Amino acid sequence: MKLQVLLPLMLFGLLTVIAIIVPASEGIAVNRTQQLTLQRATSMDQIVQRAETAVAADDASGLERYLERFAETYGEAAMVVDSEGQVVSSVGGLELDPQVASLVLAASRTVPQRSISTIYPWSDDTHLVAEPFANGASAASGAVVLEVNQTEAKAQITGWWALVALAGLLLLLLLFAASQFWTSWVLRPVRALDAAANALAEQREPDLAAATGPLELRRLSSSFARMSRGVEDALEQQRGFVAEASHQLRNPLAAIRLRIDALPRDEAEEAALEAVGGDLDRLEHVVDRMLVLADAEHRATAEASGRRTGFADGAAREHLTSAAMLTAPHEERFREEGMRLRFDGDEEIRVACRKSDLEEIVETMLDNARKYAGEGASVTIRFAAAPSSGWSAAAPGEGEPDGAFDGRSQPAEAFEAFEIDGPRAVLEISDDGPGVDEDELAQLGTRFWRSPSHRSLPGTGLGLAIVGELARANRATVDYDRAPEGGLRARISLVRTW
C-alpha cells in the first residue's frame with residue numbers, strides 16, 4: 001500500500017519539478033542569447049560605420065586595424081564585402097563560401113541577418129550574422145559578415161542548466177523525503193492494525209497504544225483495539241465458564257451419588273440404581289475431561305500468545321524420552337486385555353514438551369486404541385528424530401521387517417504436515433484395527449465428535465480434542481491418517497532439542 005500512495009506523489013512531484021526547471025532552463029538560454037545578440041549588434045554598428053568610411057574613401061587601412069583589434073578581443077572572424085562582391089577587408093580566416101555569399105546577397109538587398117538563434121548546450125560553436133551598409137545612397141554599398149563565437153555562451157548556459165538540474169534533483173529528493181514521511185505517517189495506523197490483526201489471530205495481545213496518523217485512522221485503531229479487547233474478554237470468559245461450570249458440577253454430582261448410595265433398595269430397584277450410577281460415572285468422566293480440556297486450551301493460548309504462565313517453562317519444558325519409556329507404563333494393561341503393545345526404536349531423544357503432557361497424550365491415544373481397535377489388535381509406538389529436511393519409514397513389508405522405524409528410510413510425503421522450522425521428533429502411534437473412514441479423518445479432534453461406528457462404545461468425544469490442545473501448548477502438531485497396518489495412525493511432531 002505504501003507504494004500505491006508514494007508512487008502518485010512522486011509522479012506528481014516529478015511533473016511539477018519538470019514544469020519548473022524546463023521553463024527556467026529555456027529562460028536562461030533565451031536571456032543569454034539576447035545578451036550576446038545585443039553585444040554583437042553594438043560591435044556590428046562600429047564595423048558598419050568604419051566600412052562605410054573605408055568604401056567611400058577607398059582606403060581600408062583603418063578598417064583592417066579595427067577588425068584586427070576586434071578579432072584579438074572577441075576571437076571572432078569578420079569580413080567586409082562591397083556591392084560588387086569584392087572583399088574589402090577580412091580577418092580571422094573567414095572565406096567567401098556559398099553560405100557567406102548567401103548572407104551577403106540577402107544583406108545587400110537591405111535584409112539584415114543579425115538575429116541569433118536561441119543558444120543551447122548542443123548548438124554550434126559559431127553563428128554567422130550580416131549587416132548591410134550604405135554610403136549616402138539608397139542602395140547598399142556592401143555588407144559586413146560577422147562569425148559570432150558562441151562557445152562562451154554555451155559554456156555559461158550549460159553551467160546554469162547544471163545548477164538548475166541540481167536544484168531540481170535536490171527538490172525531488174526533498175519531495176521524496178517529505179513523501180516518505182507523509183506516507184509513513186498516514187500508513188502507520190494501517191501497519192499497526194495489520195500487526196494487531198496478526199497478533200489477534202495468533203492469540204497475542206495487540207498493541208495499538210502508540211499508533212499515530214490521520215484522525216480517521218486513529219479512530220479506526222481505537223475501534224479495533226476495543227473490538228480485540230472484547231474478543232479476548234469473550235474468549236477468556238468462555239474458557240473460564242467451561243472451567244468453572246465443570247468444577248461446579250462436580251459437587252452436585254458427588255451429592256447425587258451419595259444420596260443414591262444412601263437410598264434403601266431392593267432387588268427390583270437395584271438394576272435401575274446401578275444404571276443411574278453408570279450415567280453418573282459417565283457424567284463425572286465428561287466433567288473431568290472438560291476440566292482437562294479447559295486447562296489445555298488455556299495453556300495452549302498462553303503458549304501461542306507468548307505469555308508462558310509457568311506451565312512449561314525452563315527445564316520443565318525439556319526432558320529425555322524414548323519409545324520404550326513411553327510404552328512401558330501401559331504394557332501390562334494391554335496384556336490383560338488380550339492386546340499387543342510394542343515399540344520400534346530405542347533412541348532416547350530430548351524434546352521440548354512437558355513430560356506430563358506427553359504422557360497424557362500417549363495415554364489418551366492408547367486408551368482410544370484399546371477401545372476402538374478391537375480385541376486382539378496390535379498397537380505400535382514409534383519415536384525417532386526427524387531432520388528438518390523431512391523423512392519417514394518404510395511401511396511394514398516395504399524394505400524393513402515389521403515396519404522398522406529408523407528415521408532415515410521413510411518416504412518424505414509422510415511428514416508433509418510437519419513443515420516447521422527447526423529440528424523435530426515424531427511420535428507415531430498406529431494400530432491394525434478397523435480405523436475410521438477416509439471422510440471421517442478430518443473430523444478427528446473435534447469436540448464431542450465420535451464416529452457413528454463407535455457411538456455404542458463408552459467415550460466422551462473429548463480425548464483427541466485434549467490431545468490437540470496439549471500438543472499446541474507445547475508447540476507440537478498432530479496429524480491423523482490410515483496406518484499401513486490398516487487402522488488409525490496418529491503422528492505428533494515435537495520440538496527436538498540438543
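**Salt bridges and helices in a predicted model**

Asp 344, Arg 382, Glu 428, Asp 479, Asp 481, Glu 485, Arg 489 and Arg 491 are joined in a network of salt bridges. The model is a predicted one.

Visitor: How many salt bridges are there?
Guide: The count comes to 15.

Visitor: What does Lys 154 pair with?
Guide: Lys 154 meets Asp 125 in a salt bridge, at 2.8 Å from N to O. Asp 125 is in the loop between α3 and β3 and Lys 154 is in helix α4, so the pair ties together parts 29 residues apart in sequence.

Visitor: Is Lys 154 buried or exposed?
Guide: Lys 154 is buried, at 12% relative accessible area. Asp 125 is partly exposed, at 41%.

Visitor: What about Asp 367, which side chains does it bridge to?
Guide: Asp 367 forms a salt bridge with Arg 370 at 2.4 Å, N to O, and another with Lys 371, where the closest N and O atoms are 3.7 Å apart. Arg 370 lies 3 residues from Asp 367 in helix α9, while Lys 371 is 4 residues from Asp 367, about one helical turn.

Visitor: New topic. How do α9 and α10 cross?
Guide: Their axes come within 10 Å and cross at roughly 155°, so α9 and α10 are roughly antiparallel. The crossing is left-handed.

Visitor: And how many residues of α10 are buried?
Guide: 9 of the 11 are buried, so α10 is largely enclosed by the rest of the structure. Among them are Leu 464, Ile 466 and Glu 469.

Terms used:
Residues numbered from 1 in each chain as written. Predicted model: local features only at pLDDT ≥ 70, side-chain atom pairs only at ≥ 80, totals over all residues. Heavy atoms only, no water. Axes fitted to C-alpha atoms, helices over the stretch in contact; angles between N-to-C directions. Helix = DSSP H or I, 4+ residues; strand = E, 2+ residues; numbered from the N terminus. Parallel < 35°, antiparallel > 145°, perpendicular 65-115°, else oblique. Left-handed = near helix turned anticlockwise from the far one by under 90°. Buried < 20%, exposed > 50% of the residue type's maximum accessible area, 1.4 Å probe, protein only. Salt bridge = Lys/Arg side-chain N within 4 Å of Asp/Glu carboxyl O.
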